[in-house]
Amino acid sequence: MVKFDKKKVKALHRKIHEWYEKNRRQLIWRTTTDPYTILVSEIMLQQTQVSRVQEKLPLFLKKFPAFQQLAQASRADVIRAWQGLGYNNRAVRLLSLVKIVVNDYQGKLPSNIEKLQQLPGIGRYTAHAIVCFAFKKRVPVVDVNIQRVLSRLFWKMSAPFQMKRSEDIWRFAEKILPRDAFRWNQALMDLGALVCTARQPSCTVCPVAEFCTSSNRIGTVKQKRSMVSKKKSEPTYDGIPQRIWRGRLVEIFRCVNGKGTISMPHLGKAIKPTFTKREVPWLDRLVQTLQQDGIVDRVGNNVMLAHE
DNA sequence: GATCCGTGGGG
DNA sequence: TCCCCAAGGAT
């Protein structure tokens, strides 16, 4: 743990808030504290770029304006509405989460971290984000941006992707949390997204460079992402990662109208033009993984988006 | 702790 | 072209 310099922290609060008022991003989910809207936006934002959520969130909200409407939707509907966002698991979990809220919580999202984190698709980050942004509670929020910003500010970092352990950052974020946690957390995320970026931080325009332990030091050590967390090669078939095959398969169903049922051989051809019946076992396993995730249903030789 | 889960854009 | 990344979570 770095030594806790109270003056430095106070100066940081002032400088960063000042910067935030002038430079903050206009994000639609910042203009509301409606728990449903915040929930949907936070799920969408998991590992997904802000610009994409800005585009897709209004469409989703128009189709499913509140807990009630979403709870009554079928999985297929929600998965279709998830188009372009990736990680379809999230759509499935969001639906089951919302059903729990309607059935067990009288249609009101829990406002405490422990209960939120029990719900499917909500982990530590999202639980804290909801509590802070929807219920205005004074809690820390640590996403990859904030982890990076605080790592650089308080520990000496020389390589772009080098970061302090997440657990240490959570503890530290708690300690330096100012009164207005909402504004502070949003400000730190904006700073991370706009100035203190992963690859090449703009230390020359950073409002807190004078307090930063790593200022103008990032990149001193050559390092690739792959060196930090030795990225393993993912499972592939025919040179293409399995998650891409899965994505293609789901995308086929999004484009299908009517009953939306496709037979296995047709499905094979649809996602792989060179598909032969010799590859049926592979397709079988692929469909099975999607089945296990609750994304598709299978009846005999026919596959469709999950209903319920 | 490592691995899996999509998609689209930037360098 | 290829590699990397993006408001993480579940197993």
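Me: Hi! What covers the buried residues of helix 9?
Reply: Helix 1 (6-23), helix 10 (166-175) and helix 11 (181-194) are among the elements that cover them. Keep in mind that this is a predicted model.

Me: Thanks! How many of the residues of helix 9 are buried?
Reply: In helix 9 (residues 144-154), 10 of the 11 residues are buried, so the helix is largely enclosed by the rest of the structure.

Me: Which ones are they, the buried residues of helix 9?
Reply: Here you go: Asn145, Ile146, Gln147, Arg148, Val149, Leu150, Ser151, Arg152, Leu153 and Phe154.

Me: Switching to pockets. What volume does the largest pocket have?
Reply: The largest pocket comes to about 1300 Å³. Its lining is made up of 36 residues, and Gln47, Thr48, Val144, Asn145 and Arg148 lie nearest the centre.

Me: Which helices each supply at least two residues of that lining?
Reply: Helix 9 does, and so do helix 2 (35-45), helix 3 (50-63), helix 8 (124-133), helix 10 and helix 11.

Me: And how does the lining of the largest pocket divide by class?
Reply: There are 15 nonpolar, 13 polar and 8 charged residues in the lining of the largest pocket.

Me: What about the second largest pocket, how much space lies in it?
Reply: The second largest pocket holds about 520 Å³. It has 18 lining residues, with Gly86, Tyr87, Asn88, Arg243 and Gly247 the closest to its centre.

Me: Which helix gives the most to that lining?
Reply: That's helix 13 (residues 242-254), which contributes 7 residues to the second largest pocket. By class, the lining of this pocket has 7 nonpolar, 7 polar and 4 charged residues.

Me: What does its side chain make a polar contact with?
Reply: The side chain of aspartate 168 pairs with the side chain of arginine 171, at 3.0 Å.

Me: Last one, cysteines. How many disulfides are there?
Reply: The count is 0.

Definitions and conventions. Residues numbered from 1 in each chain as written. Chains lettered and ligands numbered in written order. Predicted model: local features only at pLDDT ≥ 70, side-chain atom pairs only at ≥ 80, totals over all residues. Heavy atoms only, no water. Buried < 20%, exposed > 50% of the residue type's maximum accessible area, 1.4 Å probe, protein only. Helix = DSSP H or I, 4+ residues; strand = E, 2+ residues; numbered from the N terminus. Contact = heavy atoms within 4.5 Å. 1 Å grid on protein atoms, 1.4 Å probe; cavity = no way out; pocket = protein on both sides within 12 Å on 5 of 7 lines; lining within 4 Å. Points joined across faces, edges and corners; volume = space filled by probe spheres on them. Nonpolar A, V, L, I, M, F, W, Y, C, P; charged D, E, K, R; others polar. Polar contact = N/O pair within 3.5 Å; in protein donor to acceptor, adjacent residues only side chain to side chain. Disulfide = S-S within 2.5 Å.
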